[in-house]
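Please inspect the sequence and the structure before reading on.

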Amino acid sequence: MNHNFKNLRIWSLSMEITREIHKICLGFPKNEMYGLVSQMNRASVSIPSNIAEGSNRGNTHFVHFLNISLGSSFELQTQLLIANMNNYIETRKTIELENKIIELQKMIAGFIAKLK
């Protein structure tokens with residue numbers, strides 16, 4: 001069964017998170033450009049990208065791509081906490097973004113269960 005990824009709430013929320021991560025990373029120190037900034041941007045882009053790529057596959061393959069997205073979301077969550085620990089992001093913003101990531105993780109896990 002093919003899904004139109006643009007109509008999936010998990011894709012929309014992941015795009016919103018990606019936009020926020022990119023915006024926040026602009027304020028990171030220049031010495032993090034090829035470190036944490038690069039990792040956070042790649043992890044955030046990976047989430048909606050894998051949702052979109054998997055949406056055109058059968059359910060078994062789609063579940064595989066959703067699991068990759070889920071893994072990237074946990075990676076991003078960890079990187080967000082590292083950025084906060086290093087005072088690159090205010091705690092208030094970290095909590096706000098982490099809550100969105102956790103919401104997304106629950107939604108992806110629920111969608112995976114539904115597809116199985």
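In which helix do E96 and R92 both lie, and how many residues apart are they? Both residues belong to helix α4, where four residues, about one turn of the helix, separate them. Helices here are DSSP runs of H or I with at least four residues, numbered from the N terminus.

The model is predicted, so local features need pLDDT of at least 70 and side-chain atom pairs count only at pLDDT 80 or more, whereas totals for chains, interfaces and linings use all residues. Residues are numbered from 1 along each chain as its sequence is written, and side-chain values use heavy atoms, with hydrogens and water left out.

**Salt bridges**

Seven salt bridges are present in the structure; the term denotes a side-chain nitrogen of Lys or Arg within 4 Å of a carboxyl oxygen of Asp or Glu. Side chains of opposite charge can pair when their charged atoms come close. The table includes three of these pairs.

| Pair | N to O distance |
|---|---|
| K100 and E16 | 2.6 Å |
| K93 and E96 | 2.9 Å |
| R92 and E96 | 3.6 Å |

K93 and E96 are three residues apart in helix α4, which means that about one helical turn separates them. Through salt bridges that share partners, E16, E20, E90, R92, K93, E96 and K100 are joined into one network.

The side chains of K100 and E16 meet in a salt bridge. This pair links distant parts of the chain: K100 is in helix α4 (residues 91-115) and E16 is in helix α1 (residues 9-25), 84 residues apart.

**Accessibility of the partners**

Residues are classed by relative accessible area as buried (under 20%), exposed (over 50%) or partly exposed (in between), using a 1.4 Å probe and protein chains only. K100 counts as buried because its relative accessibility is 17%, while E16 is partly exposed at 22%. E96 is also partly exposed, at 32%, and R92 is exposed, with a relative accessible area of 55%.

**Position Q79**

Q79 is placed in helix α3 (residues 59-85). Its relative accessibility is 6%, so Q79 counts as buried. Leaving aside residues up to four places away in sequence, Q79 touches L36, Q39, M40 and A43, where contact means heavy atoms within 4.5 Å.

Definitions and conventions:
Helix = DSSP H or I, 4+ residues; strand = E, 2+ residues; numbered from the N terminus.
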